[in-house]
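Reader: Please take me through the labels used for this model, and for each one set the value beside the rule that gives it its name.

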Amino acid sequence: MARPTRPTRRPHIVWDWNGTLLHDTDAVLEATNTAFGELGVAPLTLDGYRDAYTLPLPRFYERLLGRLPTDAEWERAEDVFRRSYLALAGGVALADGAARLLADWHAAGRTQSVCSLAAHDQLLPLLGRYGIDHYFLRVDGNTTGRPAPGKAEQMARHLAALDGVSAQDAVVVGDATDDAVAAAHAGARAVLYTGGSHSRRSLLTAGVPVVDTLSEALLVAEELVGQPLEQTL
C-alpha cells in the first residue's frame, strides 16, 4: 500500500515595510544627509549609506561621527530627519511589482503580515493609502514612541499573535540584517532583499538567502518551507 502523503507546508510571509515593500531608500538617504549635515557629516552616497547602516540607530550615528551623539545632537538630527523624510514621502512608491505580488499571494489563499519599526500610528494609514492594507492578517509597527533598539522582541510578539500561523512556517522578508536576527529569535526563517538599507555584502553576513527582487524572495520562501513536512523532520 502506498504511503499516504502529508499536506504541503506553505509559508506565511512577514513583510518588512521601509526599504522592502516601500521603496523609500532614496528618500531615506536624502533625509539622512540633511540630518547628518546638521552634525557636520559629509553627504553619503547610496553605497556609503548601505555600508554604514546598522541598528540600533545610535551605532549608525557613531560610525559616521566617530562617537556617540549627545542627547541634544540626537534630538536635533532625528527632528530634521523626520521633517525631511515627511516632505519627501509623498513621492515614494511601493517597490517594483510589490502590489501585484501581494495581490497574487492573497488571491492564492496564502497568508501575510507586516512587522515594522515604523511608527504604528503612521504605518496603518500608509498601508491604506497604497491600497494594500486588506492583504494582511496583522500589522504591527513601533508603539514605543522612540526608536526601537531592534526588532527581535517585536517579531516574537507579532508571530505569537497570529492565529493559525506557526513560527516554523513563517518567513521574514526584509532589507536589513536585523530582520534575520528577529526571525531567528522568533523561530522563523528569513530572506533578505538588496533593494533597501543594507549592501549585499552586509546582508550576506546574516547567513540567510539574499535576493535582488521581491518575487525571488517569495520563490525562496517557498523553497525554505514549502516542501512536504516529512522532508523537514
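**Labels and their cut-offs**

Reader: Why is Asp-104 called partly exposed?
Author: Asp-104 has a relative accessible area of 39%, and since buried means under 20%, exposed over 50% and partly exposed in between (1.4 Å probe, protein chains only), Asp-104 counts as partly exposed. Arg-100, with a relative accessible area of 54%, is exposed. This is a predicted model, in which local features need pLDDT of at least 70 and side-chain atom pairs count only at pLDDT 80 or more, while totals for chains, interfaces and linings use all residues. Residues are numbered from 1 along each chain as its sequence is written, and side-chain values use heavy atoms, with hydrogens and water left out.

Reader: What makes the pair of Asp-104 and Arg-100 a salt bridge?
Author: The closest N and O atoms of Asp-104 and Arg-100 are 3.3 Å apart, and the rule asks for a side-chain nitrogen of Lys or Arg within 4 Å of a carboxyl oxygen of Asp or Glu, so the pair qualifies as a salt bridge. Asp-104 and Arg-100 both lie in helix α5 (residues 98-107), four residues apart, about one turn of the helix; helices (H or I, at least four residues) and strands (E, at least two) are DSSP runs, numbered from the N terminus.

Reader: How many salt bridges does this rule give, and which residue meets Arg-83 in one of them?
Author: The count comes to eleven salt bridges. Arg-83 pairs with Asp-79 at 3.0 Å, N to O, and these two residues of helix α4 also sit four residues apart, about one turn of the helix. Asp-79 is partly exposed, with a relative accessible area of 31%. Elsewhere, Arg-10, Arg-110 and Glu-222 are linked in a network of salt bridges.

Reader: How do you know that Asp-212 and Arg-200 form a salt bridge, and where do they lie?
Author: The closest N and O atoms of Asp-212 and Arg-200 are 2.5 Å apart, which makes the pair a salt bridge under the rule. Asp-212 lies in the loop between β8 (210-211) and α10, and Arg-200 in helix α9 (residues 200-204), so the pair ties together parts that are twelve residues apart in sequence. Asp-212, at 43% relative accessibility, counts as partly exposed, and so does Arg-200, at 37%.

Reader: At what angle do helices α3 and α4 cross, and what is that arrangement called?
Author: The axes of α3 (residues 57-65) and α4 (residues 71-89) come within 12 Å and cross at roughly 100°, where axes are lines fitted to C-alpha atoms, for helices over the stretch in contact, and angles run from 0 to 180 degrees between N-to-C directions. Angles under 35 degrees count as roughly parallel, over 145 as roughly antiparallel, 65 to 115 as roughly perpendicular and the rest as oblique, so α3 is roughly perpendicular to α4. Leu-57, Pro-58 and Tyr-61 of α3 make the contact (heavy atoms within 4.5 Å) with Trp-74, Ala-77 and Glu-78 of α4.

Reader: Why is Gly-141 called buried, and what does Gly-141 touch?
Author: Gly-141 has a relative accessible area of 9%, which falls in the buried range. Gly-141 lies in strand β5 (residues 139-142) and touches Ser-116, Ala-118, His-120, Leu-123 and Gln-154, not counting residues up to four places away in sequence.
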